[in-house]
Amino acid sequence: DLKCKREGCEFNKNCLCQAKKISISKNGECKSYSASEDFHKKEKSKIVQKALRNNTNVECGCCGCIFNSDLTCIANGITVATLSNNCPECCTIKIK
């Protein structure tokens, strides 16, 4: 599953990422984040729904992550959330 807990992202639809492609940087930041212009988006993106994975390619630049296979994430599921620096980050990274 591909969960997004980043409020205000245009691709976040009820905590499910709708982006066609996600790019995670070497430090785990989601580089695909795009702020939504929808004023009420922040509240709508908090509703948790059943997890369904779209055909989304997840590029991973975190070379030390056990789920990185030739710069592609092979985890069964990932979660993107806002961490301490207010940037959307992959919470699934597990360093070897």
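On a 1 Å grid over the protein atoms alone, a cavity is a set of points where a 1.4 Å probe fits but cannot get out, and lining residues have an atom within 4 Å of a point. The volume is the space filled by probe spheres set on the points, which are joined across faces, edges and corners.

The model is predicted: local features need pLDDT of at least 70, side-chain atom pairs count only at pLDDT 80 or more, and totals for chains, interfaces and linings use all residues. Residues are numbered from 1 along each chain as its sequence is written, and side-chain values use heavy atoms, without hydrogens and water.

I then listed the lining of the largest cavity: 14 residues, with Cys-4, Cys-17, Ile-22, Cys-30 and Val-80 closest to the centre. Strand β1 (residues 2-4) gives the most to this lining, 3 residues; strands are DSSP runs of E, at least two residues, numbered from the N terminus.

I searched the whole structure and got 2 cavities of 30 Å³ or more.

Last, I checked the largest nonpolar core, which has 16 residues. Such a core is a set of buried Ala, Val, Leu, Ile, Met, Phe, Trp, Tyr and Cys residues joined through side-chain atoms within 4.5 Å; buried means under 20% relative accessible area (1.4 Å probe, protein chains only). Ile-24, Val-58, Cys-73 and Ile-78 are among those with the most contacts inside the core.

Methods. 1 Å grid on protein atoms, 1.4 Å probe; cavity = no way out; pocket = protein on both sides within 12 Å on 5 of 7 lines; lining within 4 Å. Helix = DSSP H or I, 4+ residues; strand = E, 2+ residues; numbered from the N terminus. Buried < 20%, exposed > 50% of the residue type's maximum accessible area, 1.4 Å probe, protein only.
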